Amino acid sequence: MVEGRRVALSNLEKVLYPATGFTKGEVLHYYATVAEVLLPHLRDRAVSFLRYPDGPDGQVFFTKNVPPGTPEWVTTAEVPRVEGPSRMVLVQDLPSLMWSANLVTEFHTHQWLVGTPDEADRIVFDLDPGAPASIVQCCDVALWLRERLARDGLEAYAKTSGSKGLHLLAAVRGASSERVSEYAKALAVEAEKAMPRLALHRMTRSLRPGKVFVDWSQNAARKTTATPYTLRARPEPTVSAPVTWGEIEECRAPGQLDFHAVDIAPRVQDYGDLLAPLLDPDEAGTLP
């Protein structure tokens, strides 16, 4: 029982991350441990599940509609989609989180709340390095973007992607996803002009090596981004972990910002939720 709800948990001994021997039971324990900081970032947002039930080396697939067998106590909501409205899961509480985690999934969410789908409440930049560039170069671009956003009255916060790059987020209000996308693209173009050897605003593969792609497109209403604190379907149990600006300024090697499930509880103890200001409507800025 989880908070009075019967949640069936299965295959707890199954190894999901063979590189480290991390089991499904440890995945569930991780989510229970970080629920206090993770749930506020999931609440009232339709969730896209990127499932990997046999580990990252097995089949990996998105589930956007409410999965068959979803308990009736799990909250769902009708969400506007290009192909017509669909019903998606909302992870509102600990039982819903543990039920979802038992599916073995990454959590991905939109930059808007289900109650106000026409208004974005976050802007996001996905900084994706093309080898030989790494998260070290992403940090340089992130620092430039932080300063540029601040000039427009927007305070940026950062988290690792849990893969190779960084995600930069700021709380916004009073603008549609389309307007936020336009603004984000303009800043990505500006970043490329300011740092032509380092930043890129287009996805063109041939231009990617050695540069950081400033992906602004995840601000589109239909797109989702990895939720803070989600585990990733990578060879090891890496996490999309909030980081401090001090850590970004001091990053000299990729390993410095490589966080695994076991690292997160101590970080939360030390820092609390570094992304908590994103949840405060009073912290949100308006686009120029």
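At what angle do helix H3 and helix H4 pack, and how far apart are their axes? In this predicted model, H3 spans residues 135-151 and H4 spans residues 177-194. The two helices pack at an angle of about 130°, and their axes lie 11 Å apart. H3 is therefore oblique to H4. The crossing of H3 past H4 is right-handed.

Both helices contribute side by side to the contact list. From H3 come Trp 144, Leu 145, Arg 148, Leu 149 and Arg 151. From H4 come Tyr 183, Leu 187, Glu 190, Ala 191 and Ala 194. By class, the contact of H3 with H4 holds 7 nonpolar and 3 charged residues, with no polar ones.

Helix H2 (residues 94-102) is mostly covered. Of its 9 residues, 8 are buried. These are Pro 95, Ser 96, Leu 97, Met 98, Trp 99, Ser 100, Ala 101 and Asn 102. The cover over the buried residues of H2 includes one helix, H1 (24-42). It also includes the strands S3 (46-51), S6 (86-90) and S7 (105-109). After H2 comes Val 104, with a positive phi near 65°.

An unreviewed UniProt entry annotates residues 23-274 as "domain: DNA ligase D polymerase". Over residues 23-274, the chain is 32% helix and 23% strand. The end C-alpha atoms of this stretch are 27 Å apart.

Note on methods. Residues are numbered from 1 along each chain as its sequence is written. This is a predicted model: local features need pLDDT of at least 70, side-chain atom pairs count only at pLDDT 80 or more; totals for chains, interfaces and linings use all residues. Side-chain values use heavy atoms; hydrogens and water are left out. Axes are lines fitted to C-alpha atoms, for helices over the stretch in contact, and angles run from 0 to 180 degrees between N-to-C directions. Helices (H or I, at least four residues) and strands (E, at least two) are DSSP runs, numbered from the N terminus. Angles under 35 degrees count as roughly parallel, over 145 as roughly antiparallel, 65 to 115 as roughly perpendicular and the rest as oblique. A crossing is left-handed if the near helix is turned anticlockwise from the far one by less than a right angle, and right-handed if clockwise. Contact means heavy atoms within 4.5 Å. Ala, Val, Leu, Ile, Met, Phe, Trp, Tyr, Cys and Pro count as nonpolar, Asp, Glu, Lys and Arg as charged, and the others, Gly among them, as polar. UniProt positions are given in the numbering used here, feature names are shortened, and annotations may be inferred rather than shown by experiment. Buried means under 20% relative accessible area, exposed over 50%, partly exposed in between (1.4 Å probe, protein chains only).
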